[in-house]
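Open the model in your viewer and keep the selection tool at hand. The stops below go from the whole chain to single residues.

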Amino acid sequence: MKKSSLLALIGVGIFILNNLFYLIVNSFDAWQYDWYRPVGVVMSIIVLIAWVLIGQFFFTLYKKSK
């Protein structure tokens, strides 16, 4: 359980960093630059990984409750 809690914490940290990144980047209209689209795709994949890490925590919690 300790390991899955740490992984969920990492997932939440990824969400926070992702939101801070987009807050900073979009404050200077980065959508008009060429690097914005590929970085957005990579960030979407990283957010998907964060969802998997958080989901793994809840799945472990569910298994422990049975």
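Contact here means heavy atoms within 4.5 Å. By that rule, among contacts between residues at least 6 apart in sequence, 69% join residues at least 24 apart.

This is a predicted model, in which local features need pLDDT of at least 70, side-chain atom pairs count only at pLDDT 80 or more, and totals for chains, interfaces and linings use all residues. Residues are numbered from 1 along each chain as its sequence is written, and side-chain values use heavy atoms, with hydrogens and water left out.

**Whole chain.** Show the cartoon: the protein has 2 helices and 0 strands. Both terms refer to DSSP runs numbered from the N terminus, helices being H or I of at least four residues and strands E of at least two.

**Core.** Select Ile14, Phe15, Val47, Ala50, Leu53 and Ile54, the 6 residues of the largest nonpolar core. Helices α1 and α2 (36-65) each give two or more residues to this core, and α2 gives the most, with 4 residues. Such a core is a set of buried Ala, Val, Leu, Ile, Met, Phe, Trp, Tyr and Cys residues joined through side-chain atoms within 4.5 Å. Buried means under 20% relative accessible area, exposed over 50%, and partly exposed in between (1.4 Å probe, protein chains only). Of the 66 residues, 24% count as buried.

**Val47 and Asn18.** Which residues does Val47 contact, leaving aside neighbours within four places in sequence? They are Phe15 and Asn18. Move to Asn18, in helix α1 (residues 2-26). Asn18 counts as buried because its relative accessibility is 10%. Beyond residues up to four places away in sequence, Asn18 touches Met43 as well as Val47.

**Surface.** The protein exposes about 5,200 Å², of which carbon and sulfur atoms supply 73%. These areas come from the Shrake-Rupley method with a 1.4 Å probe; for residues, only the protein chains shown count as cover.
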